[in-house]
Amino acid sequence: MGFLKDLTTLTRQANQGYARMDVGASLAQAQASIDQANRMMAASVPQATDPSLEPRRIRTTATVIGARQLPMMLGVHLIVELDVHVLMPGGVPMPATRTEQVSALQLAAVQPGAQLPASIVPGHPETLRIEWAA
């Protein structure tokens, strides 16, 4: 008899919980989380550039000004937002922000003050690419 009484009590508590649950708010929160994850992943994937711009790409260096780990990992890679100054031809630094996938072994390379090999098409700041393999 005790088992059935406990089962009835649990059923009543579950029904009360379902009555208080706001499914719409839960779905909206889940959608917001998915949207944020999609934005972070899209920012960390290299964007396809116009192939006609590739011959104009120049090698340069990017000095890390700041680095922030975003609350996400892609496999074993951390997602890090880097604030950098890119040294343009003529010695003019151009500020830029990039979101990159960084392995644990590369974390020391993104400390403020570090210089990273990079490439960019002059006049097209969106083409900035950190050359991790260089």
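In strand 2, valine 84 is the bridge partner of valine 64; strands are DSSP runs (E, at least two residues) and helices are DSSP runs (H or I, at least four), both numbered from the N terminus. The model is predicted, with local features needing pLDDT of at least 70 and side-chain atom pairs counting only at pLDDT 80 or more, while totals for chains, interfaces and linings use all residues. Residues are numbered from 1 along each chain as its sequence is written, and side-chain values use heavy atoms, leaving out hydrogens and water.

Strand 1 and strand 2 run antiparallel and are joined by nine bridges; two strands pair if DSSP finds at least two bridges between them. These strands form a hairpin with two residues between them, and glycine 75 in the turn has a positive phi of about 70°. Strand 1 also pairs with strand 4 in the antiparallel sense, over six bridges. Isoleucine 58 stands opposite isoleucine 120 in strand 4.

The largest nonpolar core has 18 residues, and Val84, Val86 and Leu128 have the most contacts inside it. Such a core is a set of buried Ala, Val, Leu, Ile, Met, Phe, Trp, Tyr and Cys residues joined through side-chain atoms within 4.5 Å, where buried means under 20% relative accessible area with a 1.4 Å probe, protein chains only. Strand 2 gives the most to this core, with five residues.

The chain has two helices and five strands. Its C-alpha trace spans about 85 × 30 × 20 Å along its principal axes.

Notes. Buried < 20%, exposed > 50% of the residue type's maximum accessible area, 1.4 Å probe, protein only.
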